[in-house]
Amino acid sequence: MNFDDPRLTAVGLLAEVHAGVMARLQPVLAAARLSEVDFETVIRLARSPGERLRMSDLAAQTGLSTSGVTRVVDRLEREGVVTRQACPTDRRASYAVLTDAGRERLESMLPQHLQDIDDTFTSLLDAEELEAFLATLRKIRDVVRPCATAGAGEAKVEACVEALKAGRPEERARIPAPAEPEFTVDSVSSSST
């Protein structure tokens, strides 16, 4: 057995980098009274049209089960950070919507958060390296979490269905119902980086 296999190195480096970057970001999140999953939820809402997402799409994008995203949204709703709105075209669906207080909480912590991201990650790469790195991350993300941009339209629904056919049943609960195309976090990040 080759314990120096480069595949082990690749996964190990990815885990080490993720843990290190998240440790550096944690103090700002904690000061804003946001856990990592709270922040991911709120920033996805902030970066979506109308600052809202269908609950099923939010679950798919965050990688949470529907009950898991419900618990997160319940907690954030109690804190006044998000609210729920009924879907006008489907009584079974509802949207999570960022509130003014939620937007203000993000706005207050975002400058330091972005500085921390720059200090630990983006400033270490030149523009070409960063562009290539982001493209590589998206390529991997599309394989390991094909539903991460749920709400982006029919093509993403098809990717989720293909994930099921490929034997990734964990994606089954995250397949969004075909709906009107919605804006995604990824489309903002690709246009802003």
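Which residue in E3 is the bridge partner of Ala86? In strand E3, Ala86 has Ser94 as its bridge partner.

## Basis of the model

This is a predicted model, in which local features need pLDDT of at least 70, side-chain atom pairs count only at pLDDT 80 or more, and totals for chains, interfaces and linings use all residues. Residues are numbered from 1 along each chain as its sequence is written, and side-chain values use heavy atoms, with hydrogens and water left out.

## The sheet

Three strands form an open sheet in the order E1-E3-E2, with antiparallel pairing. Strand E1 (52-54) and strand E2 (82-86) are the edge strands, each pairing on one side only. From one strand to the next, the twist averages 25°. Helices (H or I, at least four residues) and strands (E, at least two) are DSSP runs, numbered from the N terminus. Two strands pair if DSSP finds at least two bridges between them.

Strand E3 (residues 94-98) pairs with E1 over three bridges in the antiparallel sense, and Arg54 stands opposite Tyr95 of E3. The antiparallel pairing of E2 and E3 extends over five bridges.

## Helices and burial

Helix H2 (residues 36-46) lies across E1, E2 and E3 and runs at about 90° to E3. Helix H4 (residues 66-78) packs on the sheet, touching E2 and E3, and its direction makes about 115° with that of E2. Contact means heavy atoms within 4.5 Å; axes are lines fitted to C-alpha atoms, for helices over the stretch in contact, with angles from 0 to 180 degrees between N-to-C directions.

Strand E3 is mostly covered, as four of its five residues are buried (under 20% relative accessible area, with a 1.4 Å probe and protein chains only; exposed is over 50%, and partly exposed lies in between).
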